[in-house]
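Visitor: I would like to learn how to read a few features of a structure. Please give the general idea each time, then the case at hand.

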Amino acid sequence: MAQENANVIDQPEVLTPRMVTIEISGKTYEVPEGITVIKALWYTGQEVVRGAGCLGGFCGACATYYRTKDDPKVKTCLACQTAVQDGMSFTMMPPFPARKATYDIQKLQDPKQDLFNLYPEAPLCRNCNACTEACPQKIDVREGVWKAVFGDFKGVSEMFMDCVMCGMCTPVCIADIAPNLVALYVSRAQGAHFTEKPKGLETRIHEIENGRFNEEWNHILKMNEKELVDHCATVK
Amino acid sequence: MDIHALQQIVHKTRDARRKQTLPKFSPADRDQLIKKYHPDSRESAYRPIRFGPNAGEKTVVELATLLEGDSLIGEDVDLTPHYTTDVLVIGGGGAGCAAALHAHGAGAKVILATKLRLGDSNSVMAQGGMQISVAPEDSPVTHFLDTLKGGHMKNDHQLLKVMVEEGPAIAKWLIGLGVLFDRQADGNLHVKKGGGSSKPRLLTCSDYTGLEIMRVLKDEVINQKIQLLEFCAAVELLSDEGGKCSGAIFKDLDNHRYVVVAAKTVILATGGIGRLHIQGFPTSNHYGATGDGLCLSYRMGAALAHVDTFQYHPSGAVYPEQLIGALVTEGIRSEGGHLVNAKGERFVNELDTRDVVSSSIIRECEEGRGIRTMSGRVGVWLDTPLLDAEHGPGTVEKHFPAMMLQFERFGIDISKDPVLIYPTLHYQNGGVKIDTNSETNVGNLFVAGEASGGLHGRNRLMGNSLLDLMVFGKRSGLIAASRAASMPQGRLTVKHLERFRANAKKHGSLSGVISPMILPAYTRKAG
């Protein structure tokens with residue numbers, strides 16, 4: 001036992017969970033401290049259909065508004081990535097009716113100019129920073145919108161690689177911009193129009209089309225299992 | 001003892017471990033290790049399937065029960081279609097989106113139906129990358145051989161050849177759509193080495209590869225104005241008089257009504273089964289990964305392949321409690337992160353195949369060299385700070401921003417503190433048997449992505465799933481579209497259900513559950 005106890009991580013709240021009081025959409029419940037917001041919903045008997053997706057912080061389905069004890073500020077989080085605490089009050093965000101522009105990415109003639117046709121509200125950013133404060137992924141969203149408008153598409157695409165499209169930047173925007181959708185357009189345009197086509201990839205595609213590996217394929221596909229096992233062992 | 005005290009052994013032994021090189025196991029040792037410790041080897045977890053195309057073959061109890069489950073649909077159901085289409089795609093992950101886009105591009109009318117939102121899938125969570133042989137020293141043949149070795153030589157050769165050969169064209173397609181893969185200074189694609197691969201072959205988008213690809217594909221599906229049925233869970237397929245697939249019945253999860261879709265061809269891209277929590281394992285899978293496609297196609301008479309083998313990703317989080325089962329990307333190990341037991345020792349070559357690494361972690365824990373948390377979970381350390389020590393400060397933050405953020409939310413800085421991990425149920429190696437057209441033995445029923453089986457053999461190599469999705473998503477889409485163009489709509493019946501129920505009766509009874517499960521039952525019922 002001594003050996004075993006030496007390697008035990010002390011986390012007593014899990015064995016005998018301390019209960020905390022939380023408020024879900026205005027109703028009070030007792031739940032174990034430290035469980036995630038989404039698990040608190042399940043714990044209180046609520047079925048979750050909308051508002052759950054990957055459960056791993058990547059899909060943005062569980063955008064949630066919350067407040068902590070004695071703090072009037074309403075904050076945002078992903079419900080699958082946030083632990084409940086005593087006195088917390090939360091409600092999930094319904095899908096927000098933001099307008100997504102539609103476009104044929106490959107047929108764009110002037111992607112930087114097209115931004116203003118597709119998202120004419122983008123240059124109207126009033127610098128209030130509410131979007132940045134709302135972002136659970138800690139992206140400097142306001143900076144991203146400015147970079148987009150000033151044509152720094154590369155900068156935007158790098159900044160928004162973390163974006164899970166939860167859309168929490170959108171309802172807070174006083175200029176009615178959907179920054180995540182603007183960034184998605186900009187990132188795609190950057191990838192499709194302003195990034196060099198990789199030469200090695202073209203070479204490989206041509207090699208395959210021209211049958212460069214055919215002889216090797218014929219050789220391998222004729223092998224019996226034993227020969228194939230031996231051949232695989234030679235690959236280092 | 002708190003976590004920081006226990007972590008000291010990892011910090012103390014780091015320098016000594018850095019000088020070590022651990023050989024890979026010999027094939028014999030490897031087989032023995034897997035036989036003794038891999039969850040697939042626990043016979044008590046398995047039972048034979050009693051009837052249907054795979055009668056007599058073993059699979060895990062959880063899946064067997066669902067395969068022998070009954071449909072929600074009665075034989076007197078009203079089959080007047082609400083929608084009619086050429087190609088019906090079921091599932092909105094990577095394979096579903098790729099299939100829908102290619103079928104639409106080929107001129108077919110496409111409906112994409114999905115249980116949750118468009119894009120909700122395991123694809124979006126893929127962090128490690130996508131294997132495509134683009135490096136000059138690499139080749140599709142080497143990719144083939146590595147995969148075959150990883151899959152214990154059981155992979156379907158034809159499927160595998162198709163996948164590795166079509167990989168580069170897929171990369172080109174994705175780049176054309178605006179996917180931002182990591183690049184080298186010369187503009188070529190940057191490639192990383194994954195476990196079980198002899199050459200660097202992983203294309204990555206930071207550690208957000210799946211998210212980046214899915215953001216783009218989802219956007220493209222919307223831009224192409226492909227008709228979507230979101231929050232519609234497939235509950236039964238439809239069959240014409242000849243037994244060929246002719247559509248599907250969905251349950252609209254918003255209003256609980258049935259939605260009938262008549263389709264000339266159907267592509268199932270419903271993903272895997274992590275949320276069945278087989279053998280009680282936590283899972284890295286998304287909320288909807290309940291194996292729906294397997295049950296639906298099995299009832300139609302489609303044969304399954306390799307459904308007795310599952311992938312347990314070696315590194316699922318064990319601490320903190322909120323992240324149980326969440327993935328700690330294999331990228332950490334491919335960049336040199338060590339696995340360390342409670343005594344501060346390494347015990348496996350971290351870049352061996354996933355089944356070998358998982359088995360050895362389970363061995364360490366079962367033999368008392370694991371670290372147990374107060375919640376009763378056991379794990380081993382993954383030395384993440386080693387990456388900063390090895391490649392310079394800031395490496396972890398730069399290469400693994402997703403991981404950093406995920407742990408930071410719970411006050412853990414993985415660039416300074418090692419993380420506790422244990423295998424997590426990650427992937428269904430097998431699935432519905434398909435041919436190189438992505439078609440099953442049921443006519444006009446195609447399956448793509450994780451729901452399909454054969455390609456990965458008995459163990460999947462890291463990064464091969466994203467490629468599988470795209471290649472067979474594309475093939476199924478193109479072939480289903482061209483097939484649909486040259487044939488009339490089949491009649492809508494549920495005749496196969498009569499057959500299935502009669503067959504069950506002959507072998508005793510149905511299992512007593514309704515399948516598909518649709519969503520896991522996490523809602524607490526009492527108290």
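Reading the model

Guide: B:Pro516 is placed in the segment after helix H15 (495–506) of chain B; helices (H or I, at least four residues) and strands (E, at least two) are DSSP runs, numbered from the N terminus. A cis peptide bond joins B:Ser515 to B:Pro516, with omega about -5°.

Visitor: What are the ground rules for the numbers?

Guide: This is a predicted model, in which local features need pLDDT of at least 70 and side-chain atom pairs count only at pLDDT 80 or more, while totals for chains, interfaces and linings use all residues. Residues are numbered from 1 along each chain as its sequence is written, chains are lettered from A and ligands numbered from 1 in the order in which they are written, and side-chain values use heavy atoms, with hydrogens and water left out.

Visitor: Which residue does a cis peptide bond join to B:Tyr319?

Guide: B:Pro320, and omega is about -5°. B:Pro320 sits in the loop between strand S13 (310–317) and helix H9 (331–334) of chain B.

Visitor: How many helices and strands are there in chain A?

Guide: Chain A has eleven helices and six strands. Its radius of gyration is 26 Å, whereas a compact globule of 236 residues would have one near 18 Å; the radius is taken over C-alpha atoms, and the globule rule is 2.2 Å times the number of residues to the power 0.38. Along the principal axes, the C-alpha atoms of chain A fill a box of roughly 70 × 65 × 30 Å.

Visitor: What percentage of the residues of chain A count as buried?

Guide: Buried means under 20% relative accessible area, exposed over 50%, and partly exposed in between (1.4 Å probe, protein chains only). In chain A, 50% of the 236 residues count as buried.

Visitor: How should I read salt bridges?

Guide: Side chains of opposite charge can pair when their charged atoms come close. The rule here asks for a side-chain nitrogen of Lys or Arg within 4 Å of a carboxyl oxygen of Asp or Glu. By this rule there are 49 salt bridges over all chains. One of them pairs A:Glu133 with A:Lys73 (3.3 Å, N to O). A:Glu133 lies in helix H5 (residues 130–134) and A:Lys73 in the loop between strand S4 (63–67) and strand S5 (75–78) of chain A, so this pair ties together parts that are 60 residues apart in sequence.

Visitor: Which salt bridges lie within a helix of chain A?

Guide: Among them is the pair A:Arg204 and A:Glu207, at 2.7 Å from N to O. These two are three residues apart in helix H9 (residues 199–209), about one helical turn, and both are buried. Another joins A:Lys226 to A:Asp230, with the closest N and O atoms 2.6 Å apart. Both lie in helix H11 (residues 225–234), four residues apart. A:Lys226 is exposed, at 56% relative accessible area, and A:Asp230 is partly exposed, at 38%.

Visitor: Which residues are linked with A:Lys100 in a network of salt bridges?

Guide: A:Arg188, B:Asp219 and B:Glu220.

Visitor: Where is A:Asn129 found, and what is its phi?

Guide: A:Asn129 is in the loop between helix H4 (111–118) and H5 of chain A. Its phi is positive, about 75°, although A:Asn129 is not a glycine. In chain B, B:Met153 has a positive phi near 65°. B:Met153 lies in the loop between helix H5 (140–150) and helix H6 (157–177) of chain B, and counts as buried at 16% relative accessibility.
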